Amino acid sequence: FVFVLCTMRSDGEPVERLTERKALSESLRALKAQPALRWILVAGMLVGFVLPYNLGWAVYTRERFGVWSVSWVWAFLLLAVMAGGYLSRNRSVAKSRLPHAICLSLCCMGIGLAMTGSTPSPIFFLIGAGLHEVTSGIYGVVSELFVQERIGSSYRATFGSLNSFFSKLGYALVLGAATLLFGSSSNPAHIQAVWMVMGALLAASAFVLWLFRPRLFP
């Protein structure tokens, strides 16, 4: 708190300040007026398919490769997602191509997730997890850029909260369905089976999302 109080400046603050109620109203109006924003909300909800992976990778690596593997696998995953964000920030993507980048990154996330569950081989696990995390980092950047191009600065933070709310609804639905269908076993083979199903569903959903992508900007 003291650090932020002493160092945070007003750079980047919106010129026009709105009340929270007004900002929410503007966010909902933009959501109603722009199909592209409703499309990206659905994309954010689809990311929920990776939740069984996020919650299960530490248990899986501990059971499959030993307790000490959790540390270096965590470092590997963190570096991979950072690499994805760095690569996407240093590549210019045309505004009209952002929907393609979003769908492609979601599809690759699903393929990587399915690959981690396809075999007990540590090599395939690292390749699949690496692909998943790199494209996850890319998705985070391109999806954020997609939203920022369509939202006014005065209600940008509020719309971000609204976007996060819908995404978390998708997370809850996916996690609830996965728990009902597959249970909650810590057996590595069981975890792999869940990952394969979730990865395949994410890749397939990304293809359907691409079919309904926004055709024009904005």
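**Close-up 1. The largest nonpolar core of the predicted model.** This core has 43 residues. Within the core, I102, L106 and W195 are the residues with the most contacts. Two or more core residues come from each of the helices α2 (20-33), α3 (35-46), α4 (51-65), α5 (69-89), α6 (98-116), α7 (122-148), α8 (156-182) and α9 (188-211).

**Close-up 2. Surroundings of I102 in the core.** I102 is among the residues with the most contacts inside the largest nonpolar core. Neighbours within four places in sequence are left aside here. The remaining contacts of I102 are W39, I40, A43, Y139, V142, S143 and F146.

**Close-up 3. A nonpolar patch on the surface.** The patch consists of F207, V208, W210, L211 and F212. Together these residues have about 510 Å² of accessible area.

**Close-up 4. The salt-bridge network of K22, E26 and R29.** Three salt bridges are found in a search of the whole structure, and salt bridges link K22, E26 and R29 in a network. E26 pairs with K22, and the closest N and O atoms of this salt bridge are 3.3 Å apart. Both residues lie in helix α2, four residues apart, or about one turn of the helix. E26 also forms a salt bridge with R29, with an N to O distance of 2.9 Å. E26 and R29 are separated by about one helical turn because they are three residues apart in helix α2. K22 is partly exposed, with a relative accessible area of 38%. R29 is likewise partly exposed, at 46% relative accessibility.

**Close-up 5. The salt bridge between E63 and R62.** The side chains of these two residues meet at 3.4 Å, N to O. E63 has a relative accessibility of 42% and therefore counts as partly exposed. R62 has a relative accessibility of 39%, so R62 is also partly exposed.

Key. Residues are numbered from 1 along each chain as its sequence is written. This is a predicted model: local features need pLDDT of at least 70, side-chain atom pairs count only at pLDDT 80 or more; totals for chains, interfaces and linings use all residues. Side-chain values use heavy atoms; hydrogens and water are left out. A nonpolar core is a set of buried Ala, Val, Leu, Ile, Met, Phe, Trp, Tyr and Cys residues joined through side-chain atoms within 4.5 Å. Buried means under 20% relative accessible area, exposed over 50%, partly exposed in between (1.4 Å probe, protein chains only). Contact means heavy atoms within 4.5 Å. Patches are made of residues with over 30% relative accessible area and no salt bridge: like charges are joined within 9 Å, nonpolar side chains (Val, Leu, Ile, Met, Phe, Trp, Tyr) within 5 Å. Accessible areas come from the Shrake-Rupley method with a 1.4 Å probe; for residues, only the protein chains shown count as cover. A salt bridge is a side-chain nitrogen of Lys or Arg within 4 Å of a carboxyl oxygen of Asp or Glu.
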